[in-house]
Amino acid sequence: MANTYSQINIHCVFAVKGRENMITDRFRDNLHKYMSGILRNENAFPLAVGGWRDHVHVFFELPPNLRVSDLMRDLKAVSSKWINDNRFVKGKFQWQEGYGAFSYSRSQRNNVIQYIMNQEKHHKGKTFKEEYLDMLIKFKIEFKDEYVFDFYD
């Protein structure tokens with residue numbers, strides 16, 4: 001009997017609802033570690049989790065029996081519950097609906113990992129809106145402005 005073999009490298013990006021700068025230094029690293037654990041529990045192998053004050057990047061190997069949409073739904077639900085249960089923010093924390101999902105080959109993995117792990121430096125010169133729209137354009141993903149994240153400049 002033959003086995004299933006795969007290597008599916010997925011980079012997902014999602015934002016805080018209202019695009020508020022709620023992910024502070026106080027808990028950002030722990031959030032990223034917690035999200036890595038959620039990915040592992042879902043049998044996805046985390047390659048990098050990072051982000052900045054208003055968004056998160058997750059890069060992982062996706063098992064062939066799991067849908068990206070299911071994984072993102074669970075990752076966002078469980079992590080927002082963790083943030084709220086630990087009262088890391090005033091009021092109720094939520095992620096915006098939707099996410100961007102981008103696939104990469106194995107030869108691109110190190111570049112993507114470095115990119116995600118250097119988000120603080122990266123966002124000294126580029127807004128999340130610029131970053132996200134650049135990704136959509138780079139991957140030739142057609143989009144309508146009204147259906148992209150709510151951006152508040």
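Does Trp82 count as buried or exposed, and at what relative accessibility? In this predicted model, Trp82 has a relative accessibility of 15% and counts as buried, because buried means under 20%. Let's see what surrounds this residue and then look at the rest of the fold.

A search of the whole structure turns up nine aromatic pairs. In one of them, the ring centres of Tyr34 and Trp82 are 4.6 Å apart and the planes meet at 15°, so this pair is stacked. Tyr34 belongs to helix H1 and Trp82 to helix H2, so the pair links parts that are 48 residues apart in sequence.

## A tilted pair of rings

Now turn to Phe102 and Phe139. Their ring centres lie 4.9 Å apart with planes at 40°, so this pair is tilted. Phe102 sits in strand E4 and Phe139 in the segment after H5, so the pair ties together parts 37 residues apart in sequence.

Phe102 counts as buried, at 1% relative accessibility. Phe139 is partly exposed, and its relative accessible area is 26%.

Nonpolar side chains tend to be buried together in soluble globular proteins. Here, the largest nonpolar core holds 45 residues, and those with the most contacts inside it are Phe14, Val58, Phe60, Met72, Ile83 and Trp95. Two or more core residues come from each of strands E1, E2, E3 and E4 and helices H1, H2, H3 and H5. The largest share, six residues, is given by H2.

Leaving aside residues up to four places away in sequence, Phe60 touches residues including Ile8, Cys12, Leu39, Phe45, Leu71 and Met72.

## A closer look at helix H1

Helix H1 runs over residues 28-41. With 14 residues, H1 reaches 20 Å from its first C-alpha to its last, close to the 20 Å expected at 1.5 Å a residue.

Which residues of H1 are buried? They are Arg28, Leu31, His32, Met35, Ser36, Gly37, Ile38 and Leu39. An α-helix has 3.6 residues a turn, so residues three or four places apart point the same way. The buried residues of H1 pack against E1, E2, E3 and H2. Just after the helix, Asn43 adopts a positive phi of about 70°.

Note on methods
Residues numbered from 1 in each chain as written. Predicted model: local features only at pLDDT ≥ 70, side-chain atom pairs only at ≥ 80, totals over all residues. Heavy atoms only, no water. Core = buried A, V, L, I, M, F, W, Y, C linked by side-chain atoms within 4.5 Å. Buried < 20%, exposed > 50% of the residue type's maximum accessible area, 1.4 Å probe, protein only. Helix = DSSP H or I, 4+ residues; strand = E, 2+ residues; numbered from the N terminus. Contact = heavy atoms within 4.5 Å. Expected span 1.5 Å × (residues − 1). Phe/Tyr/Trp six-rings, centres within 6.5 Å; stacked < 30°, edge-to-face > 60°.
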